[in-house]
Amino acid sequence: MASKKRQTDNKKKGAKAVKKKGFFSRLKSFFSGLKNELKQVSWPDKVKLRKTAIVSFAIIFIFVAVIFLTDTILTAGLSAGGFYDAERAAQASESRQVEETDATVEISDVDEANDAVETD
C-alpha cells in the first residue's frame with residue numbers, strides 16, 4: 001500500500017516539474033499548426049468555386065424574393081381586412097421620431113439651464 005502511495009506522489013511531483021510554455025512559444029506553435037492544417041485542405045478549383053458561388057447567390061435571391069412576396073401579400077391582406085394601414089403606420093413612425101427629437105432637445109435645454117444656474 002505504501003509503495004502505491006509513493007508512486008502517486010512521485011507522479012504528482014513529476015507533473016509539477018514540467019514547465020509551462022510561454023505565451024509567445026504557444027502562439028508560435030498555434031500558427032505553425034494552423035499552417036500545417038491549411039496545407040492539408042483540399043481547395044476547390046476556380047470552376048467549382050464559381051459554381052458554388054452562383055448557387056449560393058441564387059439561394060439568397062430566392063429567399064429574399066420569398067420574404068418580399070410574403071410581406072407584400074400579408075400587408076395587402078391585412079390592409080384589405082382593415083387590420084393594418086400602411087400610411088397611418090408611416091405617420092405614426094414619423095411622429096415618434098419627431099417626439100424623440102423634441103424630447104432630446106428639451107433635455108439639452110434643461111441641461112443648459114442647469115449649467116447657467118450653476119455658473120451664476
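This report describes the helices, aromatic pairs and surface of a predicted model.

Local features are taken at pLDDT of at least 70 and side-chain atom pairs at pLDDT 80 or more, while totals for chains, interfaces and linings use all residues. Residues are numbered from 1 along each chain as its sequence is written, and side-chain values use heavy atoms, with hydrogens and water left out.

**Fold and confidence**

The protein chain has 4 helices and 0 strands, and its pattern along the sequence is α-α-α-α. Helices (H or I, at least four residues) and strands (E, at least two) are DSSP runs, numbered from the N terminus. The mean pLDDT, the predictor's confidence in each residue from 0 to 100, is 79 for the protein chain, and 66% of the residues score at least 70. Confidence is lowest in helix α1 (residues 2-17), with a mean of 56, and highest in α3, with 96.

Helix α3 (residues 46-80) has 35 residues and, at 1.5 Å a residue, should span 51 Å; its end C-alpha atoms are 51 Å apart, which agrees. The expected span is 1.5 Å times one less than the number of residues. Just after α3, Gly 82 has a positive phi of about 85°.

**Aromatic pairs**

The structure holds 2 aromatic pairs, listed below. Rings of Phe, Tyr and Trp (its six-membered ring) pair if their centres lie within 6.5 Å; planes under 30 degrees apart count as stacked, over 60 as edge-to-face and the rest as tilted.

| Pair | Centre to centre | Angle between planes | Class |
|---|---|---|---|
| Phe 23 and Phe 24 | 5.2 Å | 75° | edge-to-face |
| Phe 30 and Phe 31 | 5.2 Å | 75° | edge-to-face |

Phe 24 is found in helix α2 (residues 23-40). Phe 24 is exposed because its relative accessible area is 66%, and Phe 23 is exposed too. Phe 31, at 47% relative accessibility, counts as partly exposed. Buried means under 20% relative accessible area, exposed over 50%, and partly exposed in between (1.4 Å probe, protein chains only).

**Surface**

Of the 120 residues in the protein chain, 0% are buried. The protein chain exposes about 11600 Å², and carbon and sulfur atoms supply 64% of that area. Areas come from the Shrake-Rupley method with a 1.4 Å probe; for residues, only the protein chains shown count as cover.

A nonpolar surface patch is formed by Phe 23, Phe 24, Leu 27, Phe 30, Phe 31, Leu 34, Leu 38, Val 41 and Trp 43, which together have about 970 Å² of accessible area. Patch residues have over 30% relative accessible area and no salt bridge; like charges are joined within 9 Å, and nonpolar side chains (Val, Leu, Ile, Met, Phe, Trp, Tyr) within 5 Å. A salt bridge is a side-chain nitrogen of Lys or Arg within 4 Å of a carboxyl oxygen of Asp or Glu.
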